[in-house]
Amino acid sequence: MSKSVGYALFAGLAAVCVLISTAIFVGFGGEGGGLGSSPHKPRDPAAPAVSGQWVGTWSAAAAAAEPGTLAGYAGMSIRNVVHTSVGGSGVRIQLSNLYGTRPLVVSHASLALAAAPSNPTAATGTMRRLSFGGKPAVTIPAGGAVTSDPTRLTVPGDADLLVTTYSPSASGPATYHPYARQTSYLARGDRAEDATGAAYTEQSPYWRYLTGVDVWSTQARGAVVAIGDSITDGITSTAGANHRWTDFLAARLRNEPGAPRYGVLNQGISGNRLLVNGSRFSPNNGPSVLSRLDRDALSRTGVKAVIVEIGLNDLFKSPRQLDPQKIVAGMRQIVRQAHARGLRVTGSTLTPFGGHRGYSDQLNSVREQVNRIIRAGSVYDEVVDFDKALRDPSAPVRLRPSYDSGDHLHPSDEGFRAMANAVNLEHLKQGAPASL
């Protein structure tokens with residue numbers, strides 16, 4: 001073999017190695033989140049995600065420490081059932097020990113597609129063991145969080161995933177999301193990679209430790225985060241049906257021609273307020289939107305837009321805030337924080353609650369004053385008028401009967417659908433923040 005031929009062959013082999021290495025890097029998203037995955041630098045939503053990027057497909061806010069779990073779930077496998085909004089070819093998860101008082105040891109974690117909706121059995125051939133920094137186990141410090149390594153799995157949009165964690169030792173209070181509107185499962189012993197759901201005999205209405213699922217996608221261009229209270233949490237939606245307003249919005253983004261291909265991340269907490277924090281042990285308050293905005297919305301994977309639905313609990317809960325200017329000032333602070341990240345904010349009007357046990361003419365007057373300021377356009381970049389979408393035309397202080405879950409405050413499934421339909425998808429495509 002001549003020297004020139006040898007050099008040419010060597011160069012060709014080197015090029016092949018570089019291409020293979022690059023493909024592996026791009027396929028897994030690279031170290032530290034991957035190509036184009038920065039949650040702090042929004043992309044042009046019209047630009048195609050040719051090489052792929054990490055996008056949030058599901059999330060839930062860490063709401064509180066679960067009562068009665070001072071020892072955590074030692075010796076138990078927790079199989080969380082969650083529903084994707086967009087699909088991809090790789091997956092990673094986020095786990096949180098935000099409300100823990102001791103380190104949380106997760107010695108075994110797995111992910112799989114569910115064989116059927118709301119079912120603890122894995123679809124054939126989809127079970128994957130998760131790793132963390134190349135290791136099969138991870139210790140999450142009290143107050144901390146961790147993201148798993150990526151794993152290859154073809155995940156459809158609009159599908160149920162099973163995310164299972166096993167902790168061998170006591171860890172202190174479990175960080176949880178109480179109003180999941182989804183059945184998850186528990187089993188005794190390490191059953192993390194059991195494909196069958198036979199051992200998962202205990203059902204649960206909570207999500208524990210799991211706060212996010214990302215997918216590696218060449219189709220989705222980012223995610224929209226919805227942050228708010230029980231109306232966003234979907235507390236009165238049909239359990240297991242994925243009929244929160246954010247689920248209906250996700251369907252629109254998947255299916256409507258011209259819609260931005262975004263994942264939808266639900267960061268609602270029932271009982272949540274704009275201005276005041278709840279107790280860390282309260283199951284239905286959570287930290288205020290202002291105090292959790294960065295963690296729960298602005299820093300989510302691939303975030304391109306934020307929708308805010310908040311304010312009614314500031315009127316209802318003690319100490320009550322009856323000054324509309326102070327409520328609006330809190331909303332404007334949300335917008336300033338989002339603008340600092342280059343993100344636009346769509347904000348909603350406060351919805352009707354006539355007939356609810358907490359109703360009074362005084363509270364409704366404050367609500368209507370806040371809504372007038374919001375509609376005037378000086379608060380949010382864009383407005384979604386949930387009040388108009390839900391109210392009864394013949395009695396505007398009340399929900400339309402078909403949109404009322406029965407408590408005269410929270411929407412029914414059809415009310416949640418009406419909320420999603422009220423969102424102007426063109427607003428979610430906008431780039432630079434507005435000047436307010």
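**A buried aspartate and other packing**

Modeller: Aspartate 233 lies in helix H2, which covers residues 230-233; helices (H or I, at least four residues) and strands (E, at least two) are DSSP runs, numbered from the N terminus. The model is a predicted one, in which local features need pLDDT of at least 70 and side-chain atom pairs count only at pLDDT 80 or more, while totals for chains, interfaces and linings use all residues. Residues are numbered from 1 along each chain as its sequence is written, and side-chain values use heavy atoms, with hydrogens and water left out.

Aspartate 233 is buried (under 20% relative accessible area, with exposed over 50% and partly exposed in between, for a 1.4 Å probe and protein chains only). Apart from neighbours within four places in sequence, aspartate 233 is in contact (heavy atoms within 4.5 Å) with His177, Tyr179, Arg244, Asn266, Gly268, Ile269 and Ser270.

Turning to the rings, the structure holds 6 aromatic pairs; rings of Phe, Tyr and Trp (its six-membered ring) pair if their centres lie within 6.5 Å, and planes under 30 degrees apart count as stacked, over 60 as edge-to-face and the rest as tilted. In one of these, tryptophan 58 and tryptophan 207 have ring centres 5.1 Å apart and planes at 80°, so the pair is edge-to-face. Because tryptophan 58 belongs to strand S1 and tryptophan 207 to strand S15, the pair ties together parts that are 149 residues apart in sequence. Tryptophan 58 counts as buried at 7% relative accessibility, and tryptophan 207 at 6%. Phenylalanine 316 and phenylalanine 353 form another edge-to-face pair, at 4.9 Å centre to centre and 90° between the planes. Phenylalanine 316 lies in helix H5 and phenylalanine 353 in the loop between S20 and H7, and both are buried. Ring pairs link Phe316, Phe353 and Tyr359 into a cluster.

Helix H7 (residues 361-375) has buried residues that include Leu363, Val366, Val370 and Ile374, and its buried residues pack against elements among which are helix H5, helix H6 and strand S20. Glycine 377, with a positive phi near 90°, follows H7.

Note on methods: Lys and Arg count as positive and Asp and Glu as negative; His and the chain ends are not counted. A salt bridge is a side-chain nitrogen of Lys or Arg within 4 Å of a carboxyl oxygen of Asp or Glu.
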